Amino acid sequence: MTRYILKRMLMLLPVLFGVSLISFSLLHMVPGDPAVLLAGEDANPDFIRAVQKEYGLDKPLYIQYFHFISHVVRGDFGISIRNREPVIKLLKERFLFTVQLSFLSILIAGFIGLIAGVISSTRQYSFFDNMSMVGALFGISMPIFWFGLLLMLVFSVHLRWFPAGGKGTIVHLILPAIAL
């Protein structure tokens, strides 16, 4: 068992290398100069060169990639361009919400799946059994990001039960119970 785990861990290294190389390459394939985006469209060329030097964008790509990997391995994900805060801080702030959302979605899916499975097994080939099979196939086939957007559209925009973004307030927890 230990040998199997070590083998899988060693196979993880080329995958992580490939993912990092692809993500780094995609960032550099975007049209336009990142320094111009950081400095602004109206910035003078001297300021753009200073931004390039500050972020290491004036160096060759392989050196930029080495710096990128060395920082990521140390846990330094840099500063967010949008928020001007450390990325690791932003990740830590959102991690708890991600865990809560994942746990709640597993509970709901398990509850619905267990009930549908019990009813389908006791009433085999019934209308409910066929509809639960269609629902299961729909759930597996639908890309999760698309299904999430559809749920946001229905429950946040049209029904106004939940906030479209963020955690919400106690009103968002009470309103769906009252509406049912």
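I began with Glu93 and Lys89, whose side chains meet in a salt bridge (3.7 Å, N to O). My rule for a salt bridge: a side-chain nitrogen of Lys or Arg within 4 Å of a carboxyl oxygen of Asp or Glu. The model is predicted, so I note the limits: local features need pLDDT of at least 70, side-chain atom pairs count only at pLDDT 80 or more, and totals for chains, interfaces and linings use all residues. Residues are numbered from 1 along each chain as its sequence is written, and side-chain values use heavy atoms, with hydrogens and water left out.

Glu93 and Lys89 both sit in helix α5 (residues 87-122), 4 residues apart, about one turn of the helix. Helices here are DSSP runs (H or I, at least four residues), numbered from the N terminus. Glu93 also forms a salt bridge with Arg94 (3.7 Å, N to O). Shared partners join Glu85, Lys89, Glu93 and Arg94 into one network of salt bridges.

Next I looked at helix α3 (residues 45-55), which holds Asp46 and Arg49, 3 residues apart. Their side chains meet in a salt bridge (2.6 Å, N to O). I count 4 salt bridges by this rule.

Is Asp46 buried or exposed? Asp46 counts as exposed, at 53% relative accessibility. Arg49 is partly exposed, at 48%. The cut-offs are under 20% relative accessible area for buried, over 50% for exposed, and partly exposed in between (1.4 Å probe, protein chains only).

Last, I checked Leu153. Leu153 lies in helix α7 and is partly exposed, with a relative accessible area of 39%.

Methods
Helices (H or I, at least four residues) and strands (E, at least two) are DSSP runs, numbered from the N terminus.
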